[in-house]
Amino acid sequence: MPIRPSTGEATGAEAPAALGAPPLQPGGWFDYRSPAARVLLRPGAIDDLGREVAALGCTRVMVVCGGKTRRSKLFERGHAALGELGVALCDRVVEHSSTELVTEAAAVAARERIDGIVAIGGGSASDTAKGIAILLAEPGPIEACASRFVPPDQFFPTELPNPKIPVIAGPTTASAAEVTPGQGLRDARGRKLLFWDVKLASSLIVLDPQANVEVPVAVMATSAMNGFAHCAEGLYSRLRNPISEALALHGIRLFARALPAMVADPRDVDARAGVLTAAHLSGMVISNSRVGIHHAVCHCLGARGGLSHGVANSIMLPHALAYNLPVAAERLAAMAAAMGVDTRGLGTEQAAEAGIEAVRALQRAAGVPTRLRDAGLDRSLLPAIAEDTFGDRGLFFNPRRTTSVDAIVDLLERAW
Ligand SMILES: [Fe+2]
C-alpha cells in the first residue's frame, strides 16, 4: 500500500499557494517512536563494550567496520573489550557501503551463527550492520527489501516483518545512522537503495567522547553538518510532530555551540560530547520526521557523484533551506532563534533568511566545503544526479513539492 499525501488543505501561513505539500499527520495528531533502546555517553565507555553487549544476551557477534577504523585505537579498544564474543569480522566497509558487501557479509554471519552485530565507525558501518541484520531475517535479496518512491507523491515502504538480531553501535562520527530505523546502500548501478524497519535501530549505542578525540576534526565537522541537517529538515518535514520538533531545536542549539568549539580545539572532550549528543538527538528527529529534499540530493551526490555524505550535506544545506523557504519560513525562523540569532524586530521571512545566513556562518566556523566544484564532483553528472534525486523518497517528506527534474538541476547548479 502506498502512503499517499492527505487530501486535506495545507494549513497555516507557512504553506502558501501550490508550492507547499500538506502535513502527513494533519490536525496536530502524531505517532512518535523512540528509536535506540539504550545510549551510554562517558569517557572510556568503549572499554565496556564487551560487558554491555553480553548484558544484551549476545554470545557470538560480528564486528563491522571500514579499513581506516580498523587501524584506529578506538577500534582496538572496542574489539579487545569484546574478547571472545567477537567471532566474525567484516572490515571492508566503504562509504555508502554496497548491496554486494552486505550480501557477502550476511552469508558469513549466517555460517558463523552470530546473534548480534557490532558496528564500529561512521554511518556506512551502521548501515552495513543493518543490511546484514535484514538479510539474516528476511528472504532477500537485499534489493527486494528496499522502499520505493514514485514521483511526485507516492511512497511504497517495504515491510520487513521478521524479528532482527540486535545491532550495537560504537559510532565514530556525528552521522547518527546508528540511531535510526533507516539506512541506505549503494547498488550495483550506483543508485542509493533505502530501507526502513524500526527493529533495526541500535539496541545499544556507546558514545565515548574521549576516544573520539582520535577522529579527525574534518570528519567530525562534515558529519556534524549532516546531523545539523537532520534537525533542520526535521523541523520542516511533513511528518514533524511536537516531540521531534523539541528534539530538533535542542539539537540545533547544541550543534551551534559545540561544533565551532570542537573545531577551535579538537582535543576538547566536552565539545566532542556536545557534538555526539546533538548527533544522537538528530537521529531521534529523523527516526520520526524523516528527511526532505536536502537529503534526497545528498544521497544521490554520494551514490552517483562519489561525495561523502558529510561533505554533500555540508555543501548543500543552505541551498536546500533556501529552496524550502517559500513554504517553511516560520520553521526556519525557529531554527534561527535556536542558533542564537537575534530575531527580534525581524519579520518571519527575514528571520528565516537570517537563519540561513547563520548556517553559512556555521559552515565557515566548521571549516567545511561550501561548493560542489571544490569537492571533486564532475559537473557533467549534475543532470543524472538530479534525475536520481527525483526518485528519492526525501521528496515525499519535503514541505515543498518538487514537480520537475529541472528544479533539482537548478538547486545543484546553485551549489556548484
Ligand atoms: Fe544524513
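Modeller: Strand β10 (residues 204-207) pairs in the parallel sense with strand β1 (residues 38-41), over four bridges. Pairing requires at least two DSSP bridges between two strands. Strands are DSSP runs of E, at least two residues long, and helices are runs of H or I, at least four long, both numbered from the N terminus. This is a predicted model: local features need pLDDT of at least 70, side-chain atom pairs count only at pLDDT 80 or more, and totals for chains, interfaces and linings use all residues. Residues are numbered from 1 along each chain as its sequence is written.

Opposite L207 of β10 stands L41. Strand β7 (residues 167-171) also runs parallel to β10, joined by two bridges. There, A169 has I205 of β10 as its bridge partner.

Now the side chains of β10. L204 and V206 point one way, I205 and L207 the other, and all are buried. Buried means 20 or more other C-beta atoms within 10 Å of a residue's own, with C-beta atoms placed from the backbone; exposed means 12 or fewer, and partly exposed is in between.

Next, the packing. The largest nonpolar core has 141 residues; V64, I117, A224, I252, V275 and V297 touch the most other members. Such a core is a set of buried Ala, Val, Leu, Ile, Met, Phe, Trp, Tyr and Cys residues joined through C-beta atoms within 7 Å. Helix α10 (residues 309-338) gives this core its largest share, 17 residues. Domain 1 (38-212) and domain 2 (216-415) both contribute residues, so the core lies between them. Those bounds come from an automatic or database domain assignment.
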